[in-house]
Amino acid sequence: MELVVLCSAGLEKAPCIELKKLGFKIKTTTSGHVHFDGHLIDIPKLNLYLKSADRVMINVTDFPSETFDELFEGTFSANWNELVHKRGTIVVEKVKITNSKLSAKGAVASIVKKAIYSKIKSDNQPDGIIYPMYIYIKNNFVSLMLDTTGKNSLSKRGYRMKTSSAPLRETIAAALILISGWDQEVPLIDPFCGSGTIAIEAARIALQMQNNKRNFSFENWPLFKDLKPSIVNQHECKRTVAIGYDKNPDILQVANENAIRAGVKKYVRFHCSDFEKLPIFREKLHIVTNPPFGLRMREGNASFYRKLSKLRKIFPDARLCLITPREDLQKMISIELQRKFRFQNSGLRTWCYIF
């Protein structure tokens, strides 16, 4: 069957890295979607171990459709009775329509549900088991997907009770760590760590920790009753994996609390310091950081960004990965750029610069 993982648009490379390490072959990537072939038994493992994906979907069917009759017939022809039991409830979580003749989202959702219930011969006696569904129609081509992850995306790790003023979503932090090329052999440092998300996600990646402090929608489906995922043993680590610095002692207390809840306190350290007062680090390091920026925080003005040139002096032998909504950062700091790319961060167009 075809499986799809959803991620932030522009960060598709990160789940591709993870999927290839897990032995999957990528079929196609589109904005925020990575398509690949898999099996039912893979779904628990993917939900448990993917760090940079937001959701794991079953792509049940694709077909062209310009009318409601075609929508019904195309939906009905899929193998729903092999996936959804007759007392299950289809809940349409999202309908996205782009450049298509079918445009009424409510009507589209209603027709799709009617076709599925007809196919599975629903007895109208729901047992409370939910099958979340995503409907995509683009250029008159329909894709119907079942969401195996559930109400909360995979970014909801369960360790962040409090955050800083401009936090990165957990899956975005993990994605940027992966794309930046961290090899896990050198410590990862975040000079503007805030509530500690980047450092904590680095530790979770190094330790191959599971997303097991939560429930998934597939767990209630009869289809998965006897399917047990293969468990990968958590890696042992006898060193500090990541270090965070921030000048705000209150937010560092939050970072330490988050690290404890995440189960990585042994592997991360947080220190109170303004980045300009950091000593020079001569060893090889890897820097991933989300400096405060102007749209959310007063400190993130042009003068502040020019000061970021000091990072090369502080970390002379480090790869630097900086995250900012400013497209002109390269003009502000005198550090040789390797590459940059853009991604969506909670609806905000954001750039990742790698120096």
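1. The accessible surface of the chain is about 16500 Å², and carbon and sulfur atoms hold 48% of that area. Accessible areas were computed by the Shrake-Rupley method with a 1.4 Å probe, and for residues only the protein chains shown count as cover. This is a predicted model, in which local features need pLDDT of at least 70, side-chain atom pairs count only at pLDDT 80 or more, and totals for chains, interfaces and linings use all residues. Residues are numbered from 1 along each chain as its sequence is written, and side-chain values use heavy atoms, with hydrogens and water left out.

2. The chain has ten helices and 14 strands (DSSP runs numbered from the N terminus: helices are H or I of at least four residues, strands are E of at least two). Its radius of gyration is 22 Å, close to the 20 Å from the globule rule for 355 residues, so the chain is as compact as a globular protein of that length. The radius is taken over C-alpha atoms, and the rule is 2.2 Å times the number of residues to the power 0.38. The C-alpha trace spans about 70 × 40 × 35 Å along its principal axes.

3. Of the 355 residues in the chain, 54% are buried (under 20% relative accessible area; exposed is over 50%, partly exposed in between, with a 1.4 Å probe and protein chains only). Among contacts with a separation of 6 or more, 77% join residues 24 or more positions apart; contact means heavy atoms within 4.5 Å.

4. Helix α5 (residues 170-179) has ten of its ten residues buried, so it is largely enclosed by the rest of the structure. The buried set includes Glu 170 and Thr 171 as well as Ile 172 and Leu 176. After α5 comes Gly 181, with a positive phi near 85 degrees.

5. His 35 sits in strand β3 (residues 33-37) and is buried, at 12% relative accessibility. Its side chain makes a polar contact of 3.2 Å with the side chain of Glu 2 (a pair of N or O atoms within 3.5 Å; within protein, one must be able to donate a hydrogen and the other to accept it, and residues adjacent in sequence count only if both atoms are side-chain atoms). Beyond its neighbours within four places in sequence, His 35 contacts residues including Leu 3, Ile 26, Asn 59 and Met 145.

6. Lys 25 lies in the loop between α1 (13-21) and β2 (26-30). Lys 25 is exposed, at 71% relative accessible area. Leaving out residues up to four places away in sequence, Lys 25 touches Phe 36 and Asp 37.
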